[in-house]
Amino acid sequence: MTHFGPNASVSGMDSSYNEHSTAQNEAFEHFWPWLEDAVTHSSAFVPFQQSGLISYADYGCAGGANSAAQLASLKSVLERAGFLGGDGSSQLQVTLVDLPSNDWNQVAAAFFGPGAVGCAEAVLPCMVPKSFYAGEVAPPATLHIGVSIDALQWLSHTPPVSLKDGMMYHDGGQTHVEAYKRQFEADAEHFLRLRANEFAPGGLLLLVLPGTLGDRSCGEGAFSAMSHAATELCAQGKIDASLLEDFLFPVYMATEDELESIVYKAGNWEVMQRGGVSLTTLWDAYRTSEDADAYANTVTSIMRGVCAPLMQKCLALSAETVQELFEKTAALVKTDPTKYSFKNIQVAVLLRRTRRRPSADIGRRSTE
Ligand SMILES: C[S@@+](CC[C@H](N)C(=O)[O-])C[C@H]1O[C@@H](n2cnc3c(N)ncnc32)[C@H](O)[C@@H]1O
């Protein structure tokens, strides 16, 4: 089994991600009212009003288009609530976190192009090219609001299991599910302990991630289409069989219950909201139009935006083979949109940092 090291998702997103990430932003928009309401109405947020500086972090900003839109929503609710603007004294510190290999030029263009949200006078921007598992990204107790949208499903590394047929852990049955679940629990707990160090008491953290509801998990049909397409290319000698056999995506699709129990295990966070949803906009549009071609192209673009760089790297694919892989994926989805559907299943929690400070010895792992 190949281990991809501590930065398993080191390849980041494809350069096309910004254009094909409405599914991820839809997930944010679904759960955003929790955060909006907590900032606007809860007494939790009032202490920050006095400080003159509100500090916000986005863990996993990718190409930045969605993250900029999400920041714009937050900025306007802070303004409406009177925490920002008005007398002109308040500032909004913005910390954007992603892997060193992320395309930071794209982030800069999305946030700091003419008229973009990052150029507002009140915004103090900061880009942090660092794994969110690799340590803190801000000084102790300085952050007030954070979001991580569709990023925490990426594990710090692939668990030591291999699978001949399939690229997703759930294709491998119970042993694989258990190994991935354990890895997710360890990673998410570590993430929360690090964030507990960075957040001021009362600070709010919204975590949204693709997950599992009942017996369905996010994108499972589309992952199968990619896997079947890769198997076909392997049979044609275009993908190395041993690399394909070793390859599993380092992602876990948690349930709401799993997420909540990790929060309690990590300590220092209170669960204000929890939920899960299957967002059906894409599927509904297909059912209305019955345009299988358009549906297949959209699903494939979503998968390509998220998966192409990692697959290219781990499977040693040429640019031509990547192209062929996703053309085959689209052809399969088009042939059977029900079997290869993309279910946009998302789980989320809104957390509040409790008043107790973390003890000095937590939040660090020697391997990171
Ligand atoms: C699907 S994108 C989500 C982007 C954005 N939040 C959105 O709403 O569209 C996931 C992002 O998480 C980043 N990511 C994955 N693992 C990470 C890690 N360990 N540390 C920092 N970023 C990570 C990926 O590089 C990618 O840019």
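Visitor: What makes A62 count as buried?
Guide: A62 has 28 C-beta neighbours inside 10 Å, so it counts as buried. The rule is that a residue is buried if 20 or more other C-beta atoms lie within 10 Å of its own, exposed if 12 or fewer, and partly exposed in between, with C-beta atoms placed from the backbone. This is a predicted model, in which local features need pLDDT of at least 70 and side-chain atom pairs count only at pLDDT 80 or more, while totals for chains, interfaces and linings use all residues. Residues are numbered from 1 along each chain as its sequence is written.

Visitor: Where is A62 found, and what is its phi?
Guide: A62 is in the loop between β1 (53-59) and α3. Its phi is near 50°, a positive value in a residue other than glycine. Helices (H or I, at least four residues) and strands (E, at least two) are DSSP runs, numbered from the N terminus.

Visitor: Is A316 buried or exposed, and how do you know?
Guide: A316 has 11 other C-beta atoms within 10 Å, so it is exposed. Phi of A316 is near 50°, again a positive value in a residue other than glycine. A316 sits in the loop between α10 and α11.

Visitor: Which residues are closest to the ligand?
Guide: G60, A62, N66, I149 and A151 are the closest among the 24 residues that surround the ligand. The test is a C-beta atom, placed from the backbone, within 6 Å of the molecule. At least two residues of this shell come from each of α1 (22-41), α3 (65-80) and β2 (91-98). The most come from α1, with 3 residues.

Visitor: How do the residues of that shell divide by class?
Guide: The shell around the ligand has 12 nonpolar, 10 polar and 2 charged residues. Ala, Val, Leu, Ile, Met, Phe, Trp, Tyr, Cys and Pro count as nonpolar, Asp, Glu, Lys and Arg as charged, and the others, Gly among them, as polar.

Visitor: Why is α1 called roughly parallel to α3?
Guide: The axes of α1 and α3 cross at roughly 20° and come within 11 Å. That makes α1 roughly parallel to α3. Angles under 35 degrees count as roughly parallel, over 145 as roughly antiparallel, 65 to 115 as roughly perpendicular and the rest as oblique. Axes are lines fitted to C-alpha atoms, for helices over the stretch in contact, and angles run from 0 to 180 degrees between N-to-C directions.

Visitor: Which residues make the contact of α1 with α3?
Guide: On α1 they are Q24, N25, F28, W32, E36, V39 and T40, and on α3 they are N66, A69, Q70, S73, V77 and L78. Two residues are in contact if their C-beta atoms, placed from the backbone, lie within 7 Å. By class, the contact of α1 with α3 has 6 nonpolar, 6 polar and 1 charged residues.

Visitor: What makes α5 and α8 oblique to each other?
Guide: Helix α5 (residues 174-198) packs with helix α8 (residues 256-266) at an angle of about 50°, and their axes are 9 Å apart. α5 and α8 are therefore oblique to each other. In α5, E185, A188, E189, L192, R193 and A196 meet I262, V263, K265 and A266 of α8. This contact of α5 with α8 holds 6 nonpolar, no polar and 4 charged residues.

Visitor: Why are α6 and α11 called oblique to each other?
Guide: Helix α6 (residues 220-235) and helix α11 (residues 319-335) have axes that come within 8 Å and cross at roughly 125°. α6 and α11 are therefore oblique to each other. The contact of α6 with α11 divides into 9 nonpolar, 3 polar and 3 charged residues.

Visitor: How do you know that A296 counts as buried?
Guide: A296 has 24 C-beta neighbours inside 10 Å, so it counts as buried. A296 lies in helix α10 (residues 292-314). Not counting residues up to four places away in sequence, A296 touches A330, V333, K334 and P337. A296 and V333 are 37 residues apart along the chain, with their C-alpha atoms separated by 5.1 Å.

Visitor: And what makes S301 count as buried?
Guide: S301 has 20 C-beta neighbours inside 10 Å, so it counts as buried. S301 is also found in helix α10. S301 touches S16 and H20, leaving aside residues up to four places away in sequence.
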